[in-house]
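Reader: Hi! Could you walk me through this one? I'd like to start with how the parts pack together.

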Amino acid sequence: MENLNQQLKEALQAGSPVNISGFLREFEENSLNPDFQYTEETAVFHLFACYLTNNLTLAKLLYSRLPENLKKPTNVELTQTWHLGTFLCKKDFSKVFELLNVTRWNHSQILAKMLADKLRSDIKVFISKGFSSIQEDKACSMLGVNKQNLAELCQQWGWQYAEPFVRPVPFESKEHAREVSQYDVQLVTQLMNFLENQPYVLN
(Lines give C-alpha, C1' and ligand atoms only; values in the text may rest on other atoms or scores of the structure.)
Protein backbone atom coordinates (compact mmCIF):
# COMPACT_ATOMS: atom_id res chain seq x y z
CA MET A 1 0.00 0.00 0.00
CA GLU A 2 2.89 2.36 0.67
CA ASN A 3 3.96 1.86 -2.97
CA LEU A 4 0.42 2.76 -4.04
CA ASN A 5 0.53 5.91 -1.88
CA GLN A 6 3.84 6.87 -3.49
CA GLN A 7 2.52 6.25 -7.00
CA LEU A 8 -0.48 8.49 -6.34
CA LYS A 9 1.65 11.25 -4.78
CA GLU A 10 4.16 11.22 -7.63
CA ALA A 11 1.41 11.32 -10.28
CA LEU A 12 -0.33 14.23 -8.55
CA GLN A 13 2.88 16.20 -7.99
CA ALA A 14 3.89 15.70 -11.63
CA GLY A 15 0.54 17.02 -12.81
CA SER A 16 -0.05 13.81 -14.75
CA PRO A 17 -3.60 12.64 -15.54
CA VAL A 18 -4.72 10.49 -12.61
CA ASN A 19 -7.32 7.72 -12.76
CA ILE A 20 -8.77 8.13 -9.27
CA SER A 21 -11.26 5.30 -9.86
CA GLY A 22 -8.36 2.99 -10.64
CA PHE A 23 -6.54 3.98 -7.46
CA LEU A 24 -9.74 3.49 -5.47
CA ARG A 25 -10.07 -0.05 -6.78
CA GLU A 26 -6.48 -0.80 -5.82
CA PHE A 27 -7.00 0.71 -2.35
CA GLU A 28 -10.06 -1.51 -1.89
CA GLU A 29 -8.28 -4.64 -3.07
CA ASN A 30 -5.37 -4.03 -0.70
CA SER A 31 -7.56 -3.11 2.28
CA LEU A 32 -9.49 -6.39 2.02
CA ASN A 33 -6.27 -8.33 2.56
CA PRO A 34 -6.38 -9.81 6.12
CA ASP A 35 -2.77 -8.73 6.75
CA PHE A 36 -3.32 -5.15 5.62
CA GLN A 37 -2.72 -2.32 8.13
CA TYR A 38 -3.83 1.28 7.58
CA THR A 39 -1.68 4.35 8.15
CA GLU A 40 -3.16 7.84 8.50
CA GLU A 41 -1.86 8.80 5.05
CA THR A 42 -3.37 5.72 3.41
CA ALA A 43 -6.74 6.29 5.11
CA VAL A 44 -6.76 9.95 4.01
CA PHE A 45 -5.94 9.02 0.40
CA HIS A 46 -8.56 6.25 0.41
CA LEU A 47 -11.30 8.58 1.74
CA PHE A 48 -10.47 11.31 -0.79
CA ALA A 49 -10.62 8.72 -3.56
CA CYS A 50 -14.13 7.84 -2.36
CA TYR A 51 -15.21 11.50 -2.33
CA LEU A 52 -13.76 12.23 -5.76
CA THR A 53 -15.67 9.30 -7.28
CA ASN A 54 -18.96 10.00 -5.42
CA ASN A 55 -18.64 6.80 -3.36
CA LEU A 56 -19.88 8.20 -0.04
CA THR A 57 -21.36 4.89 1.11
CA LEU A 58 -18.00 3.23 0.51
CA ALA A 59 -16.35 6.03 2.51
CA LYS A 60 -18.66 5.26 5.47
CA LEU A 61 -17.80 1.56 5.30
CA LEU A 62 -14.11 2.38 5.07
CA TYR A 63 -14.16 4.65 8.12
CA SER A 64 -16.13 2.09 10.14
CA ARG A 65 -13.41 -0.51 9.64
CA LEU A 66 -10.46 1.77 10.43
CA PRO A 67 -8.65 0.86 13.69
CA GLU A 68 -9.67 3.03 16.63
CA ASN A 69 -6.13 4.26 17.22
CA LEU A 70 -6.26 6.07 13.86
CA LYS A 71 -9.52 7.84 14.73
CA LYS A 72 -7.96 9.80 17.59
CA PRO A 73 -8.32 13.62 17.36
CA THR A 74 -4.52 13.88 17.31
CA ASN A 75 -4.63 12.54 13.75
CA VAL A 76 -5.93 15.90 12.60
CA GLU A 77 -5.83 15.38 8.85
CA LEU A 78 -7.74 12.10 9.01
CA THR A 79 -10.28 13.65 11.39
CA GLN A 80 -10.83 16.60 9.05
CA THR A 81 -11.04 14.30 6.04
CA TRP A 82 -13.79 12.32 7.73
CA HIS A 83 -15.62 15.53 8.64
CA LEU A 84 -15.55 16.42 4.94
CA GLY A 85 -17.43 13.20 4.28
CA THR A 86 -20.09 13.94 6.88
CA PHE A 87 -20.71 17.37 5.32
CA LEU A 88 -20.78 15.85 1.82
CA CYS A 89 -23.43 13.36 2.97
CA LYS A 90 -25.52 16.27 4.26
CA LYS A 91 -24.84 18.25 1.04
CA ASP A 92 -23.62 21.10 3.26
CA PHE A 93 -21.22 22.39 0.62
CA SER A 94 -20.48 25.70 2.35
CA LYS A 95 -19.10 23.71 5.30
CA VAL A 96 -17.12 21.49 2.94
CA PHE A 97 -15.45 24.49 1.29
CA GLU A 98 -14.82 26.14 4.66
CA LEU A 99 -13.10 22.99 5.93
CA LEU A 100 -11.09 22.59 2.73
CA ASN A 101 -9.87 26.18 3.08
CA VAL A 102 -8.94 26.21 6.79
CA THR A 103 -7.29 22.78 7.07
CA ARG A 104 -3.58 22.30 6.53
CA TRP A 105 -3.52 19.33 4.18
CA ASN A 106 -0.06 17.83 4.65
CA HIS A 107 -0.76 14.49 2.94
CA SER A 108 -3.46 15.52 0.51
CA GLN A 109 -3.09 19.14 -0.57
CA ILE A 110 -3.55 18.34 -4.27
CA LEU A 111 -6.45 15.96 -3.58
CA ALA A 112 -8.16 18.67 -1.54
CA LYS A 113 -7.87 21.08 -4.47
CA MET A 114 -9.18 18.41 -6.85
CA LEU A 115 -12.20 17.90 -4.57
CA ALA A 116 -12.90 21.64 -4.42
CA ASP A 117 -12.71 21.90 -8.23
CA LYS A 118 -14.95 18.84 -8.66
CA LEU A 119 -17.57 20.20 -6.24
CA ARG A 120 -17.65 23.57 -7.98
CA SER A 121 -18.16 21.79 -11.30
CA ASP A 122 -21.01 19.72 -9.81
CA ILE A 123 -22.60 22.76 -8.15
CA LYS A 124 -22.31 24.70 -11.40
CA VAL A 125 -24.49 22.04 -13.03
CA PHE A 126 -26.91 22.08 -10.07
CA ILE A 127 -27.33 25.86 -10.26
CA SER A 128 -27.69 25.80 -14.05
CA LYS A 129 -30.44 23.19 -13.82
CA GLY A 130 -32.31 24.67 -10.87
CA PHE A 131 -32.05 28.47 -11.17
CA SER A 132 -32.77 31.01 -13.88
CA SER A 133 -31.18 33.55 -11.53
CA ILE A 134 -29.62 33.34 -8.07
CA GLN A 135 -28.55 35.96 -5.53
CA GLU A 136 -24.82 36.54 -5.48
CA ASP A 137 -24.50 35.85 -1.74
CA LYS A 138 -26.16 32.46 -2.13
CA ALA A 139 -24.02 31.63 -5.16
CA CYS A 140 -20.87 32.58 -3.23
CA SER A 141 -21.90 30.37 -0.30
CA MET A 142 -22.72 27.38 -2.50
CA LEU A 143 -19.51 27.67 -4.53
CA GLY A 144 -17.24 28.52 -1.61
CA VAL A 145 -15.91 31.74 -3.17
CA ASN A 146 -15.93 35.49 -2.55
CA LYS A 147 -17.54 38.01 -4.90
CA GLN A 148 -14.33 38.63 -6.83
CA ASN A 149 -13.86 34.90 -7.42
CA LEU A 150 -17.55 34.61 -8.32
CA ALA A 151 -17.12 37.27 -11.00
CA GLU A 152 -14.14 35.36 -12.41
CA LEU A 153 -16.12 32.09 -12.48
CA CYS A 154 -19.08 33.77 -14.16
CA GLN A 155 -16.80 35.14 -16.88
CA GLN A 156 -15.21 31.71 -17.31
CA TRP A 157 -18.58 29.93 -17.49
CA GLY A 158 -20.34 32.55 -19.62
CA TRP A 159 -22.81 33.47 -16.86
CA GLN A 160 -24.26 36.96 -16.51
CA TYR A 161 -23.35 38.72 -13.28
CA ALA A 162 -25.04 42.01 -12.44
CA GLU A 163 -25.17 42.67 -8.69
CA PRO A 164 -26.97 41.37 -6.79
CA PHE A 165 -27.96 38.54 -9.17
CA VAL A 166 -26.23 35.86 -11.19
CA ARG A 167 -27.92 34.42 -14.27
CA PRO A 168 -26.47 31.03 -15.23
CA VAL A 169 -26.46 29.52 -18.70
CA PRO A 170 -29.21 26.83 -18.81
CA PHE A 171 -27.86 23.32 -18.44
CA GLU A 172 -28.01 21.02 -21.48
CA SER A 173 -28.40 17.43 -20.32
CA LYS A 174 -26.28 14.72 -21.91
CA GLU A 175 -27.70 11.41 -20.80
CA HIS A 176 -25.25 8.59 -20.33
CA ALA A 177 -25.38 5.25 -18.58
CA ARG A 178 -22.59 3.73 -16.53
CA GLU A 179 -21.86 0.11 -17.23
CA VAL A 180 -21.32 -2.08 -14.19
CA SER A 181 -18.28 -4.24 -14.86
CA GLN A 182 -17.72 -7.77 -13.63
CA TYR A 183 -14.89 -6.32 -11.55
CA ASP A 184 -17.36 -4.05 -9.73
CA VAL A 185 -19.56 -7.02 -8.86
CA GLN A 186 -16.58 -9.00 -7.57
CA LEU A 187 -15.36 -6.07 -5.48
CA VAL A 188 -18.75 -5.57 -3.82
CA THR A 189 -18.96 -9.32 -3.12
CA GLN A 190 -15.51 -9.28 -1.52
CA LEU A 191 -16.41 -6.26 0.57
CA MET A 192 -19.67 -7.79 1.82
CA ASN A 193 -17.90 -11.05 2.71
CA PHE A 194 -15.32 -9.05 4.63
CA LEU A 195 -17.96 -7.08 6.56
CA GLU A 196 -19.94 -10.19 7.45
CA ASN A 197 -16.91 -11.50 9.31
CA GLN A 198 -16.38 -8.34 11.37
CA PRO A 199 -17.43 -8.14 15.06
CA TYR A 200 -18.80 -4.59 14.91
CA VAL A 201 -22.26 -3.37 13.91
CA LEU A 202 -22.65 -0.43 11.56
CA ASN A 203 -24.93 2.33 12.78
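Author: Happy to. The buried residues of helix 9 are covered by elements that include helix 7, helix 8, strand 2 (160–162) and strand 3 (165–167), where contact means heavy atoms within 4.5 Å. Helices (H or I, at least four residues) and strands (E, at least two) are DSSP runs, numbered from the N terminus. This is a predicted model, in which local features need pLDDT of at least 70 and side-chain atom pairs count only at pLDDT 80 or more, while totals for chains, interfaces and linings use all residues. Residues are numbered from 1 along each chain as its sequence is written, and side-chain values use heavy atoms, with hydrogens and water left out.

Reader: Thanks! Which residues of helix 9 are buried?

Author: Leu-150, Leu-153, Cys-154 and Trp-157. Buried means under 20% relative accessible area, exposed over 50%, and partly exposed in between (1.4 Å probe, protein chains only).

Reader: And why are they on the same side of helix 9?

Author: Because they cover an arc of only 100° around the axis, the arc being that of the directions from the helix axis to the C-beta atoms. An α-helix has 3.6 residues a turn, so residues three or four places apart point the same way.

Reader: What is exposed on the other side of helix 9?

Author: Gln-148, Gln-155 and Gln-156 are exposed there.

Reader: What happens at the start of helix 9?

Author: A side-chain oxygen of Asn-146 comes to within 3.2 Å of the backbone nitrogen of Gln-148. Just after helix 9, Gly-158 has a positive phi of about 80°.

Reader: Switching to charges: how many salt bridges does the structure hold?

Author: Six. A salt bridge is a side-chain nitrogen of Lys or Arg within 4 Å of a carboxyl oxygen of Asp or Glu.

Reader: Which residue pairs with Lys-147?

Author: Asp-137 does, with the closest N and O atoms 3.9 Å apart. This pair links distant parts of the chain, since Asp-137 is in helix 8 (residues 136–143) and Lys-147 in helix 9 (residues 147–157), ten residues apart. Glu-136 joins Asp-137 and Lys-147 in one network of salt bridges that share partners.

Reader: Nice. What about Lys-113 and Asp-117?

Author: Their side chains meet in a salt bridge at 2.9 Å, N to O. Both residues lie in helix 7 (residues 109–130), four residues apart, about one turn of the helix.

Reader: Is Lys-113 buried or exposed?

Author: Lys-113 is exposed, at 51% relative accessible area, whereas Asp-117 counts as partly exposed at 39%.

Key: A polar contact is a pair of N or O atoms within 3.5 Å; within protein, one must be able to donate a hydrogen and the other to accept it, and residues adjacent in sequence count only if both atoms are side-chain atoms.
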